[in-house]
Amino acid sequence: MSSSPGAGAGGYFSMIDFFVLSAAGGFAMYWFFFRNKKQDQPTFKKLTVTPVVERGSSSGFINKMKNTNRNVVVFYGSQTGTAEEFATRLAKDATRYGMKGMVADPEECDMEDLSQLTEIENSLVIFCLATYGEGDPTDNAQEFYDYLQGGGTDLDGIKYAVFALGNKTYEHFNAMGKYVDSRLEELGATRLIEVGLGDDDSNIEEDFVSWREKFWPIVCEHFGVQATGDDSSIRQYSLQVNEDLPKEKIYHGEISRLGSFNVQKPPYDAKNPFLAPIIANRELHKGGDRSCMHIELDITGSKIRYESGDHVAVYPMNDPDIVERIGKRLETDLDTVITLTNVDEEASKKHPFPNPTSYRTALTHYLDIQSPPRTHILRELAEYAEDPKEKEFLMSMTSSDGKDKYNDWIVKDHRNILAILDDLKSLKPPMDHICEMLPRLQARYYSISSSPKIHPTSIHITAVLISYTTRTGRSVKGVATKWLADKPVTDGKTYTVPIFVRKSQFRLPFKPSTPVIMIGPGTGLAPFRGFLQERDYLKKEGKPVGETILYFGCRYKAQDFIYEEEINQYLKNGSLTKLHIAFSRDQKEKVYVQHLLNKNKEEIWRLLENGGHIYVCGDARNMAREVHDMLERSVIEQGNLDATKAAEYIKKLQSKGRYSCDVWS
């Protein structure tokens, strides 16, 4: 039975009137009788939350030092783990000199408390600080850097030392360590020793050992302490073997959160990587004995965002054959589930890696078993040598006098832990101590070779497979590149890779009409492939795109001219204005991109004077340095400037973000 529209509407509005009148009456009663009455406060159930770190509170590093009778604190600024490792070694050293040390992450401490260190007798602060990017602090030291820049506090009476970690092929060599060293002195602190300058381009282990051997005698003299004479290894972690633990309680390669590889939850970062499926893995070289891979990673549904010029970090796995051989050599059941717990209950780092886990998982996912071990590991290994000659041999490489022997036997022959165990038969270290000694396996970073404008749901990697044979006949392959090379895209199986994106300052100009010069030989082409995709996209969208010039170099046109078809297509449609290529070995005399730049000084100067941007990507040791020199020469000749003025001109380009480098050594 239907109702007429008019009747239904009339009933509806009368009901509204009723509710409005009722509400008005209720409000009037409240206004007259209760508006001045004090409101009862609602009662909520009290939640108790235990903070992980209370910065500046009673749990600060000063109080922790007082409560545990420590007088040495070693802060680290680390991006790859080396500075943290050096800090740990220095804290251990303190025990050998009658002092007691602790390692601390500045990001987890209120660094304003540093001035209170004078309240602790014979106190000392040490900084192990790496420089990252273009002279920047590492992520975990950024707040400390900002604090010092913002003014800091009076540090009169504070005794300090700084060991800096860097790479001399970069322009801002050890900038962070040098800055902190000078800034602490400005704030009134007393420097005990000149800042140590570690150079990763040469032998940073040698630099550290040499500095450390000078440092501790100065400490002894200043504080009136002396070496205890106990050079034996000090175990940092205790072993617990776990039996019958359920699978879901055991780590299987997760970086931080247990089970995060089974149940993925954004946001994704260094501690919570995304398992990206590999959707393409193809060879880019057309011949020769070298390999260059093009890999595409699917990020659909991950909410990961990236820009052209960013880096993608990949967490690799070690070669399972090396893992098996270590287990066999040390006669260990690799599937034994263990927990390693710091014997120092006050230490911020409770475990060396995610625990509980199996020896197999630790050696596969968490430990760097393929790099040459540093001298402190050799010293600890020596205690397990049953042959006195082998013990003496290992110990001989651990002092400054043994630098040459260490470089020759360990570094040049790239002897990893397995090679050392194979060559020194009497060595029988327990597997849990091996797990304690070895550093963490670090993520590998690659310049992203795609643009989100074209590929919003995938990230592309361009990587050369590292592979060579040492003097001993051992085959050495890159940890990450071999692992990636072994993951073909087939119908039967989908491989995933743990990744996260690291933002970069290596960016195209905000205005597409700005001219750009890109210089990237070999895989240095990677970010420029993304840049070209972006400029091509904008051009097709009708945006005005400025001159786009690419300098590329490789050995042979017929073998390793990567992405040749793509580049020629961009050249054909005008997205790439000019292409300068150096095929270094296609003629009698070698030709590199530096030589081509020398021929085009006038063009470079014209673009710079028109507001152009210059980008360099690739080898820092030779190419980037020579390109820099060539740019200065262009400015001198074309701009009629002397060397000083030309250097200032280049500096100004850098400070304005018009001259950017993404380089490695």
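At what angle do helix 7 and helix 8 pack, and how far apart are their axes? I get about 140° and 10 Å for helix 7 (residues 320-329) against helix 8 (residues 359-366). Axes here are lines fitted to C-alpha atoms over the stretch in contact, with angles from 0 to 180 degrees between N-to-C directions. So helix 7 is oblique to helix 8 (under 35 degrees is roughly parallel, over 145 roughly antiparallel, 65 to 115 roughly perpendicular, the rest oblique).

A note on the source: this is a predicted model, where local features need pLDDT of at least 70 and side-chain atom pairs count only at pLDDT 80 or more, while totals for chains, interfaces and linings use all residues. Numbering starts from 1 along each chain as its sequence is written, and side-chain values use heavy atoms, without hydrogens and water.

Next I listed who touches whom: Val323, Glu324 and Ile326 in helix 7 meet Arg360, Leu363 and Thr364 in helix 8 (contact is heavy atoms within 4.5 Å). I sorted these contact residues into three nonpolar, one polar and two charged.

Then I turned to strand 11 (residues 311-314), which is covered on both faces. His311 and Ala313 are buried on one side, Val312 and Val314 on the other (buried is under 20% relative accessible area, 1.4 Å probe, protein chains only).

Which strands pair with strand 11? I found strand 14 (residues 444-447), antiparallel over four bridges, and strand 18 (residues 496-502), also antiparallel with four bridges. DSSP must find at least two bridges for a pair. I noted Tyr446 in strand 14 as the bridge partner of Val312, and Phe500 in strand 18 opposite Ala313.

Note on methods. Helix = DSSP H or I, 4+ residues; strand = E, 2+ residues; numbered from the N terminus. Nonpolar A, V, L, I, M, F, W, Y, C, P; charged D, E, K, R; others polar. Buried < 20%, exposed > 50% of the residue type's maximum accessible area, 1.4 Å probe, protein only.
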